[in-house]
Amino acid sequence: MACSNIMEAALHKGDIGKVLFKGSPHKETITDLQRVLFELGFQKELNWDQYQADGDYGTATTQAVAAFAKRNNHQSNGAKVSNALAKLILQRHDFLPDMYVLWSIHTSDLRTRKYISKGTRMSIRAVQVLLNELGYGGLLNFPKYGADGLYGESTRNAMIAYARDHGIESDGDWLTRPLINIMLEDINSFYGGRWSDLAEKNLPSKKSPLILFEASRFRGKPCRADVKFAPMLEQINAYAATANVFVHVTSSFRTTTNVAGAIVKPAIFSNHLAGHAIDMNVIYGNNQWANSKVLANYPDVPEPVRLFIKSIIDDPRLRWGGTFTVKDVVHIDDHLNKDRSKWEARYKAMQLAVQLGK
């Protein structure tokens with residue numbers, strides 16, 4: 001029950017260039033690439049309205065790969081996807097939820113004065129992710145703290161330096177219109193011309209079941225989920241509080257990247273695709289991390305971590321991936337895909353809410 005998408009799985013097997021090249025017969029992986037490039041904003045290069053995600057690595061896909069490479073300072077004519085280029089494509093795709101958060105700030109009314117320090121952990125994290133990508137990781141002390149969503153002197157200093165480098169005076173906190181405009185210009189440099197077309201649909205609204213879940217014990221990437229999964233996320237947060245640990249989200253709801261245009265059944269019935277699962281690391285003690293290597297040793301893990309995982313295992317409404325036949329020790333879900341009809345309903349609701357493809 002591994003949750004990697006198709007491109008990730010191909011990359012882990014070795015040389016992805018043997019699969020992703022012009023004329024390749026590997027339609028499933030090519031379709032995945034096309035869907036990712038669509039979400040990265042390269043609809044025009046893909047000639048999306050005519051071809052959509054057809055699994056054919058032809059001229060349109062070659063153009064889209066080449067356009068992505070050019071925007072990201074990577075040498076490629078688009079006829080083949082190397083491991084390095086695949087990693088970059090997946091990295092930019094992975095950053096999209098954070099960039100959607102910054103897009104929402106950009107489109108808001110800044111006359112009320114928005115301060116980074118008064119934002120949510122999610123919005124602060126988004127700023128940190130972008131600044132690190134733009135070369136300010138040293139000032140952020142990124143190797144130590146990462147994108148922790150906490151506003152401190154490191155984030156302030158990085159923002160001051162970023163603004164200064166663009167000829168803007170800043171106290172490192174107030175997100176003025178000129179400053180957020182420059183940030184959006186930098187984001188645009190990574191993506192295709194239509195990446196922000198999807199932004200509004202990938203943020204919560206009254207018409208969408210998608211939520212961005214935030215809680216006292218949740219850290220890490222934006223936790224995107226089905227509103228129907230929110231009670232379980234609240235329960236996970238309560239278990240984390242009792243065990244005195246933090247849940248560092250590494251993955252949550254995922255757009256399906258293996259469909260041929262419209263909503264169809266995916267190759268793997270992952271609860272991530274329905275917004276009913278998270279992947280996570282556990283933070284305990286003095287900012288110590290329990291990642292997959294540590295969690296794989298359960299129950300022989302640090303006591304706070306053991307208490308947290310045991311709470312998940314003992315809750316009949318939740319499921320820990322460490323008990324799967326194919327173990328996925330960073331995974332927690334709510335059994336949704338045990339009932340295929342229920343999974344199908346929530347999958348369609350979530351995927352239709354965020355996609356623009358027909």
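**View 1. The second largest pocket and the residues lining it.** In this predicted model, 16 residues line the second largest pocket, and the ones nearest its centre are Tyr-145, Gly-146, Asp-148, His-248 and Trp-289. The volume of this pocket comes out at about 340 Å³. How do you find a space like that? Rolling a probe the size of a water molecule over the atoms shows where empty space is left. Helix α8 (142-145) and strands β2 and β4 each give at least two residues to the lining of the second largest pocket. Which of the elements supplies the largest share of that lining? It's β4, with 3 residues. Sort the lining of this pocket by class and you get 6 nonpolar, 5 polar and 5 charged residues.

**View 2. Strand β4 and its two pairings.** Start with strand β2 (residues 218-220), which pairs with strand β4 (residues 246-251) in the parallel sense over 3 bridges. Look for Arg-219, which stands opposite His-248 in β4.

**View 3. Helices α9 and α10 packing against each other.** Helix α9 (residues 153-165) packs with helix α10 (residues 177-190) at an angle of about 85 degrees, and their axes are 11 Å apart. Angles of 65 to 115 degrees count as roughly perpendicular, so that's the word for α9 and α10. Which residues of α9 meet α10? They're Met-159, Tyr-162 and Ala-163, and across from them in α10 sit Leu-179, Ile-182, Met-183 and Asp-186. By class, this contact of α9 with α10 has 6 nonpolar residues, no polar ones and 1 charged residue.

View 4. Most residues other than glycine have a negative phi, and most peptide bonds are trans. Now check Asn-141: its phi is positive, about 55 degrees, although this residue isn't a glycine. You'll find Asn-141 in the loop between α7 (121-140) and α8. Pro-299 has its place in the loop between α12 (292-295) and α13 (303-314).

Definitions and conventions:
Residues numbered from 1 in each chain as written. Predicted model: local features only at pLDDT ≥ 70, side-chain atom pairs only at ≥ 80, totals over all residues. Heavy atoms only, no water. Axes fitted to C-alpha atoms, helices over the stretch in contact; angles between N-to-C directions. Helix = DSSP H or I, 4+ residues; strand = E, 2+ residues; numbered from the N terminus. Parallel < 35°, antiparallel > 145°, perpendicular 65-115°, else oblique. Contact = heavy atoms within 4.5 Å. Nonpolar A, V, L, I, M, F, W, Y, C, P; charged D, E, K, R; others polar. Pairing = 2+ DSSP bridges. 1 Å grid on protein atoms, 1.4 Å probe; cavity = no way out; pocket = protein on both sides within 12 Å on 5 of 7 lines; lining within 4 Å. Points joined across faces, edges and corners; volume = space filled by probe spheres on them.
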